[in-house]
Amino acid sequence: MLLAAFFVAIKADYNETKIGDIRFIDKEDLKLVSLDHAIAKKEGIQMRVSADKGSLVDFNHMNTKDEWSFEFKFKNLHLNYPEFAGIYLWYTDQKMHSGDFNGVNNRFSGLMTGIEFLGRGLEIVLGANDGKEVPRHPDDIIILRDTVNPERFRDVNDFRIKVISTKKNFKVEVYDDERLLYDNLRFIEAPILGPREGKKYFSISTQYHKVPMDKIFVIRDIQSYERTESREYDPYKVHSEAPRDLPRYGTDIDHPSKEVQYMISAVEHMMAYLRSILGHPGGGTVLESAMDAKNAVISQQKQIREILTNTDNLSESLKQNGTKIIGTKIGDLELEVRNLQRSLFETQHLVNEWGNKMSRMNNNIILVFIIVAVISLAVLVLIRKKTEAIVKKES
């Protein structure tokens with residue numbers, strides 16, 4: 001009941017209307033899509049027909065809405081390391097063609113949002129290409145790669161992915177049915193993503209590497225929406241809950257080497273101990289810090305404008321009255337001077353307050369970052385050597 005009330009409150013800030021010709025709900029919608037190495041079945045679209053070759057679904061109709069959202073569902077493949085599988089949503093000037101570039105041809109102009117699984121790990125990737133160059137590797141177009149805490153998706157069997165693009169923000173949301181698991185990846189102002197308005201096409205592709213044939217993405221309940229966000233909608237607000245940040249035991253870590261499993265577990269337990277001793281880094285998120293900086297600058301600009309206005313008023317007063325009645329204006333001049341002093345004092349106070357806040361926030365962060373960097377570097381070197389040894393044995 002509380003969960004339903006929560007989603008009603010959220011949806012009050014925006015409205016979504018289904019786009020009728022960009023969807024796939026059942027086989028009656030086959031006329032709306034083009035399938036390449038994909039098979040339409042009762043349970044959805046099977047996105048694999050051979051061992052390491054992915055599939056592609058093109059939506060035949062162009063999206064004409066400037067503000068939109070797009071969602072689809074699929075089951076968790078429950079991969080084991082080093083199995084890799086990725087599913088990607090494309091929003092491009094022209095319809096896509098199959099290829100070896102995350103399941104498509106590498107000649108395109110538009111935006112890519114991907115969900116990549118490596119073993120139990122999950123990464124959300126965001127990429128863009130303006131069409132002027134032909135990228136050789138998918139990493140050439142990656143703008144952001146967010147490695148998500150796997151604890152967010154523990155015991156999740158069905159994923160619902162939602163990509164949102166409006167004038168206010170670009171955001172990726174991950175759900176377990178109606179339960180929001182993740183909504184941290186977002187851009188408020190995103191010129192780096194290129195044009196995101198209407199008159200483009202949607203596509204979905206997949207790719208696999210070292211994944212058994214019985215593990216297949218089957219996408220279903222595919223639907224696009226025209227989205228309208230109200231003035232009350234806050235693009236900065238994160239609605240998903242943070243996962244419990246607990247150290248894992250060796251058996252919970254997805255790696256073929258037991259030595260690596262227990263080494264990672266030992267590092268996580270040591271980091272938990274350091275956090276209990278040093279405490280968590282002070283301050284808020286990078287986004288919150290950026291907003292604080294922006295607000296501080298705006299406040300300072302207001303104070304400076306007030307100083308300039310008071311100065312202009314003082315100058316104008318002197319021009320109009322001259323020296324003949326200067327004695328009668330001494331009170332006005334003193335008032336102007338007090339206003340100037342007050343504005344300067346408030347500006348200085350804002351600057352000092354911001355400097356103190358940043359210094360307090362940075363002290364613990366720098367110390368923890370140094371410790372984490374040294375430990376992480378050592379662990380990564382050991383894991384890489386161990387993994388290379390395993391790969392050599394397998395080959």
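The exercises below work through a predicted model of one protein chain.

**Exercise 1.** Determine whether Ser 203 is buried or exposed, and find which side chain it joins in a polar contact.

*Solution.* First locate Ser 203, which lies in strand E16, spanning residues 201–209. Its relative accessibility is 0%, and because buried means under 20%, Ser 203 counts as buried. Then look at the side chain of Ser 203, which is joined to that of Asp 58 by a polar contact of 2.5 Å. Leaving aside residues up to four places away in sequence, Ser 203 touches Leu 56, Val 57, Asp 58, Phe 59, Tyr 88, Leu 89, Trp 90 and Met 96.

**Exercise 2.** Identify the residues that touch the most other members of the largest nonpolar core, and list the contacts of Ile 219.

*Solution.* The largest nonpolar core has 50 residues, among which Phe 70, Phe 72, Ile 204 and Ile 219 touch the most other members. Taking Ile 219 next, and again not counting residues up to four places away in sequence, its contacts are Gly 44, Ile 45, Met 47, Val 57, Phe 72, Lys 73, Phe 74, Ile 87 and Ile 204. A second core, separate and made up of 11 residues, includes Leu 56, Met 96, Phe 101 and Met 112.

Key:
Residues numbered from 1 in each chain as written. Predicted model: local features only at pLDDT ≥ 70, side-chain atom pairs only at ≥ 80, totals over all residues. Heavy atoms only, no water. Core = buried A, V, L, I, M, F, W, Y, C linked by side-chain atoms within 4.5 Å. Buried < 20%, exposed > 50% of the residue type's maximum accessible area, 1.4 Å probe, protein only. Contact = heavy atoms within 4.5 Å. Helix = DSSP H or I, 4+ residues; strand = E, 2+ residues; numbered from the N terminus. Polar contact = N/O pair within 3.5 Å; in protein donor to acceptor, adjacent residues only side chain to side chain.
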